[in-house]
Amino acid sequence: MTRHAEAQEVMAGKDFVKNYRNWKAWQDGEIAEDWPLIGMIHLDNMLHSDGDAHTRIRGLVAKAFTPRRVELLRPAIEELTENLLDQMERGNGAADLRSALAVPLPMGVICRLFGIPDEDRPTIQRLVSSVFSTVAPVEEVLATQATVTEYFTDLVQRRRATPGEDLTSALIQARDEGDQLSDRELIDSLWLFMAAGFETTVGVFTNAVKALLTHPDQLGLLRDGAVPWSAAVEETLRWDTSVAILPFRYPVRDVELGGRLLKRGDPVLVSFASANRDCAQHGAQAHVFDITREQKRHVAFGHGPHFCLGAPLARLELGVALPALFRRFGDLDLAVDPAELTPVPSIFTNAPERLPVRWNPDEDRLVPSSVRGATSAARRGGGE
């Protein structure tokens, strides 16, 4: 589904469901265990469940991601952002922005929320990159599945032995005391939060920086204060969202939609990227990056019962990191021609593999790190 109206109808949760067991080809035994994309659908978590099961699993963590709860993370996100910018500033005028800031910021936040040790982060990043890849060989796909199960089984054992104030410990408690999760749901839910909790934000951040650096007039509006940074975040989510498509949804009955008859159990892909540039929803200039446009509802975070639980957190991270980056590096520029940027090898995620940037290392930064920290603290306390 490539248009906004049909995409919303599919995601509304009425005639279409997410659980892979509704896929007719799955029911008929046509999907082999070594199917290259099996790691994207053969899961039991809130993203791949419906009805009461979805409500039960989502309810266990939903309170941690309300806008009010998420806002309490702002000081930690600001501190982590400034620390990463400090490290980047020591890079002699050049860096890959993806690895320097776009990856470690959301990964640091989600790992802190779920109590993932710092030394485990490279493993998480490697697994997520592998599962989203659509060029990985079958051997890697199967190895990734096995490693995911092994890693999170081990993490659960560690957290059971030494529980903390993290969401992993809370989910384990729900499993052990309230029997609200099966072992499979526990493992698959932890994996979902790691996979969705940072990779999507990584893509939006890199896409936003790329868009602003290639649209200097738009960046100028932000720097002048004529347009709020939240507008740049929303326009990037619409114009160049990081999740292009996701598999699958399945009609629970024969449905006519978009001029086509969809049979019960047919797999349906929703193209978020295409729907977000639908002229019927976003006007004749939907293909243009314009942070001043009157925003209408986009589907970057989905729609209906599976609307992304992490949307407030992603918006907060982007709303902190983007202005902080451009405040610190007023002369930031792409280090390569935009046409040379290589996309990640995935039909699911949409972002460059690397985002080389440069700046003048001899230019005095506008605000020293110590002053930034004091200013941030004063702002949180109601100061100027």
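The model is a predicted one. In it, α7 runs over residues 104–114, and nine of its 11 residues are buried, so the helix is largely enclosed by the rest of the structure. What provides the cover? Just after α7 comes Gly115, with a positive phi of about 70°.

Two of the covering helices also pack on each other. Two packed helices are described by the angle between their axes and the distance between the axes. For α8 (residues 121–132) and α11 (residues 183–213), the angle is about 85° and the axes are 10 Å apart. That makes α8 roughly perpendicular to α11, because angles of 65 to 115 degrees fall in that class. From α8, the contact uses Ile124, Gln125, Leu127, Val128, Val131 and Phe132. From α11, it uses Trp191, Met194, Ala195, Phe198 and Glu199. By class, this contact has nine nonpolar residues, one polar and one charged. An α-helix has 3.6 residues a turn, so residues three or four places apart point the same way.

Is Thr144 buried or exposed? Its relative accessible area is 9%, so Thr144 is buried, the cut-off being under 20%. Leaving aside neighbours within four places in sequence, Thr144 is in contact with Leu127, Ser130 and Val131. Leu127 and Val131 also belong to the α8 side of the contact with α11.

Now go to the start of the chain. His4 is found in helix α1 (residues 4–11). At 5% relative accessible area, His4 is buried. Which residues does His4 touch, beyond its neighbours within four places in sequence? They are Ala275, Asp278, Gln281, Arg297 and Val299.

Two loop positions come next. Asn92 lies in the loop between α5 and β2 (94–96). Its phi is near 60°, a positive value in a residue other than glycine. Most residues other than glycine have a negative phi, and most peptide bonds are trans. Asn92 is exposed, with a relative accessible area of 69%. Gly283 lies in the loop between α15 (279–282) and α16. At 26% relative accessibility, Gly283 counts as partly exposed.

Finally, step back to the whole chain. It has 17 helices and eight strands. Along the principal axes, the C-alpha trace spans about 65 × 55 × 40 Å. A compact globule of 384 residues would have a radius of gyration near 21 Å, and the chain, at 21 Å, agrees with this. Of the 384 residues, 51% count as buried. The accessible surface comes to about 17,600 Å², and 52% of that belongs to carbon and sulfur atoms. Contacts across the sequence complete the picture. Among those between residues at least 6 apart in sequence, 74% join residues at least 24 apart.

Notes
Residues are numbered from 1 along each chain as its sequence is written. This is a predicted model: local features need pLDDT of at least 70, side-chain atom pairs count only at pLDDT 80 or more; totals for chains, interfaces and linings use all residues. Side-chain values use heavy atoms; hydrogens and water are left out. Axes are lines fitted to C-alpha atoms, for helices over the stretch in contact, and angles run from 0 to 180 degrees between N-to-C directions. Helices (H or I, at least four residues) and strands (E, at least two) are DSSP runs, numbered from the N terminus. Angles under 35 degrees count as roughly parallel, over 145 as roughly antiparallel, 65 to 115 as roughly perpendicular and the rest as oblique. Contact means heavy atoms within 4.5 Å. Ala, Val, Leu, Ile, Met, Phe, Trp, Tyr, Cys and Pro count as nonpolar, Asp, Glu, Lys and Arg as charged, and the others, Gly among them, as polar. The radius of gyration is taken over C-alpha atoms; the globule rule is 2.2 Å times the number of residues to the power 0.38. Buried means under 20% relative accessible area, exposed over 50%, partly exposed in between (1.4 Å probe, protein chains only). Accessible areas come from the Shrake-Rupley method with a 1.4 Å probe; for residues, only the protein chains shown count as cover.
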